[in-house]
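This report concerns the arrangement of strands and helices in one model. Please consult the sequence and structure shown here.

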Amino acid sequence: MKNSKRALVTGSTSGIGLATARVLASHGIDIVLNGLEPQQEGDELARELAGQYAVNAYYCPADLSRPEKIRQMMTDIGQAGGINILVNNAGIQFTSPILDFPAEKWDQIMAINLSAAFHTTQQALPMMLDDGWGRIINIASVHGLVASVHKSAYCAAKHGLIGLTKVVALEQAANNITANAICPGWTDTPLLNDQFKAYSKQHGVTFDEAKLGLIQSKAPYPRLVAPSEIGELVYFLCTDAARAITGTSMPIDGAWTAH
């Protein structure tokens, strides 16, 4: 692994994760994909990436809600050569007033959106220390900086992820390892479709009108952020130009948090 860059991107078979994997691969970084898809489907996606960008790529499935599955995944990655870039992207969403919020949904969101990042980071750090270089990028959310109603678990997990990022940055600052959080606002991924549908039904508007209405209820920027734009920011944080950027929370939110 010495003198080469190799990234694990969790939740990378679609959305922000896949876009990030594509951006990193386009810059010559080897990729470990992760998701819940069957091995054959993930392998096909990895072959596509490898062929398109002339990098090494493979797929490592794991249920990130289960620490023992994360440990096995990271062990397998270590035996295959290790990583020095970790992008904790996997996440799920569920919305409900806190009075009605199912406890099992809270536990699931905490496990995948927060605890998984702790486990992957803890097990990736020895690989990075051995390599003398590392980058940890946590895909948090604007909801790691501000709150919205009906998103108690999501907001709590993303606020926690930013806290975790800061601690890792402080502990590893002298070791050529940085840790940063990216905080997207409205992003063009399937994660938002249920919210757009609910807004459409509530306000009697089309799906596209619901998109714009919901976006501008929070941010002045009149469109969704493209997943590839987040991927480009991830890549920048892996460059030498960003070597002193660590412990930060970087919004890419169309001025949502500028209010």
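The sections below treat the basis of the model, its sheet and a pair of helices.

## Basis

This is a predicted model, in which local features need pLDDT of at least 70, side-chain atom pairs count only at pLDDT 80 or more, and totals for chains, interfaces and linings use all residues. Residues are numbered from 1 along each chain as its sequence is written, and side-chain values use heavy atoms, leaving out hydrogens and water.

## The sheet

Seven strands form an open sheet in the order S3-S2-S1-S4-S5-S6-S7, with parallel pairing. Strands (E, at least two residues) and helices (H or I, at least four) are DSSP runs numbered from the N terminus; pairing requires at least two DSSP bridges between two strands. Strand S3 (57-59) and strand S7 (249-252) are the edges, each pairing on one side only. On average, neighbouring strands are turned by 15° against each other, direction ignored.

S1 (residues 6-9) and S2 (residues 30-33) run parallel and are joined by four bridges. In this pair, Leu8 stands opposite Val32 of S2. Helix H1 (residues 15-26) packs on the sheet, touching S1, S2 and strand S4 (85-88) (contact: heavy atoms within 4.5 Å). The direction of H1 makes about 170° with that of S1; angles run from 0 to 180 degrees between N-to-C directions, and axes are lines fitted to C-alpha atoms, for helices over the stretch in contact.

## Helices H6 and H7

Helix H6 (residues 193-203) packs against helix H7 (residues 207-216) at about 100°, with axes 8 Å apart. The two are therefore roughly perpendicular, a class covering 65 to 115 degrees. Residues of H6 including Phe196 and Tyr199 meet residues of H7, among them Phe207 and Leu214.

Notes:
Parallel < 35°, antiparallel > 145°, perpendicular 65-115°, else oblique.
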